[in-house]
Amino acid sequence: MPLLYSGLTAFFLGALSARFLFIGSWLSLIPWVIAGLLCGTWASNKKQALKNGATYGFVLPVAFMLTGYNGAYSLQKLLPLFILSLILGVIGIGCGLVLAWIGTIIRKGYNKTNV
């Protein structure tokens, strides 16, 4: 899975979750986790999986926060939003790495059973 696809998937999933999909519900985490696992499962190797997971993990919360914002567009209101988005993006990198790593484990187990 190319890195661009991980980022685009995260952006669209974050934007959909902020506006349409399970708004205000923890159920939006279910497609997020599935997509994170797929980032690791579809990667060609572990290094690529971790890159995909980090990209996915950063872009998803940032897109969710920025596309879901309905407040004023002054610098005083936007600066805290950007800072919070970056903090959540860094936390998301860790989550994306873990999900992609688990995805590589799933892929290895699947390949062993199909050999």
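Me: Glycine 71: buried, partly exposed or exposed?
Reply: Partly exposed. In this predicted model, glycine 71 has a relative accessibility of 31%. Buried would need a value under 20%, and exposed a value over 50%.

Me: Where is glycine 71 found?
Reply: Glycine 71 is in the loop between α3 and α4, and α4 covers residues 75–113.

Me: How far is glycine 71 from lysine 47, C-alpha to C-alpha?
Reply: The separation is 39 Å. Along the chain, the two are 24 residues apart.

Me: Zooming out, how many helices and strands are there?
Reply: Four helices and zero strands. From the N terminus on, the order is α-α-α-α.

Me: What box do the C-alpha atoms fill?
Reply: Roughly 60 × 25 × 20 Å, taken along the principal axes.

Me: What share of the residues counts as buried?
Reply: The chain has 115 residues, and 34% of them count as buried. Its accessible surface is about 7100 Å². Carbon and sulfur atoms account for 77% of that surface.

Me: Which contacts make up 73% of those with a separation of 6 or more?
Reply: Those between residues 24 or more positions apart.

Me: On to α3. What does it reach from its first C-alpha to its last?
Reply: Helix α3 reaches 31 Å. It runs over residues 46–67, which makes 22 residues. The expected value is 32 Å, at 1.5 Å a residue, so the model comes close to it.

Me: What caps the N-terminal end of α3?
Reply: Asparagine 45 does. One of its side-chain oxygens lies 3.2 Å from the backbone nitrogen of lysine 47.

Me: Which residues of α3 are buried?
Reply: Among them are Ala49, Asn52, Tyr56, Leu60, Val62 and Met65. Gly53 and Gly57 are buried too.

Me: Which residues form the largest nonpolar core?
Reply: There are seven: Ala10, Leu13, Trp32, Ala35, Cys39, Tyr56 and Leu60. The largest share, three residues, comes from α2.

Me: Why would nonpolar side chains sit together like that?
Reply: In soluble globular proteins, nonpolar side chains tend to be buried together.

Me: What does alanine 35 touch?
Reply: Thr9, Leu13 and Tyr56. That leaves out residues up to four places away in sequence.

Me: New topic: how many aromatic pairs are there?
Reply: Two. In one, the ring centres of phenylalanine 11 and phenylalanine 12 are 5.6 Å apart. Their planes are at 75 degrees, so this pair is edge-to-face. Phenylalanine 11 is partly exposed, at 36% relative accessibility.

Me: And how are the rings of tryptophan 32 and phenylalanine 64 placed?
Reply: Their centres are 5.4 Å apart and their planes at 75 degrees, so this pair is edge-to-face. Tryptophan 32 lies in α2 and phenylalanine 64 in α3, so the pair ties together parts 32 residues apart in sequence.

Me: Is tryptophan 32 buried or exposed?
Reply: Buried, at 15% relative accessibility. Phenylalanine 64 is partly exposed, with a relative accessible area of 29%.

Me: Last one: where is threonine 104, and what is it in contact with?
Reply: Threonine 104 is in helix α4. Leaving aside neighbours within four places in sequence, it is in contact with Gly40, Thr41, Lys46 and Ala49. Threonine 104 counts as buried because its relative accessibility is 2%, and the cut-off is under 20%.

Note on methods. Residues are numbered from 1 along each chain as its sequence is written. This is a predicted model: local features need pLDDT of at least 70, side-chain atom pairs count only at pLDDT 80 or more; totals for chains, interfaces and linings use all residues. Side-chain values use heavy atoms; hydrogens and water are left out. Helices (H or I, at least four residues) and strands (E, at least two) are DSSP runs, numbered from the N terminus. Buried means under 20% relative accessible area, exposed over 50%, partly exposed in between (1.4 Å probe, protein chains only). A polar contact is a pair of N or O atoms within 3.5 Å; within protein, one must be able to donate a hydrogen and the other to accept it, and residues adjacent in sequence count only if both atoms are side-chain atoms. A nonpolar core is a set of buried Ala, Val, Leu, Ile, Met, Phe, Trp, Tyr and Cys residues joined through side-chain atoms within 4.5 Å. Contact means heavy atoms within 4.5 Å. Rings of Phe, Tyr and Trp (its six-membered ring) pair if their centres lie within 6.5 Å; planes under 30 degrees apart count as stacked, over 60 as edge-to-face and the rest as tilted. Accessible areas come from the Shrake-Rupley method with a 1.4 Å probe; for residues, only the protein chains shown count as cover.
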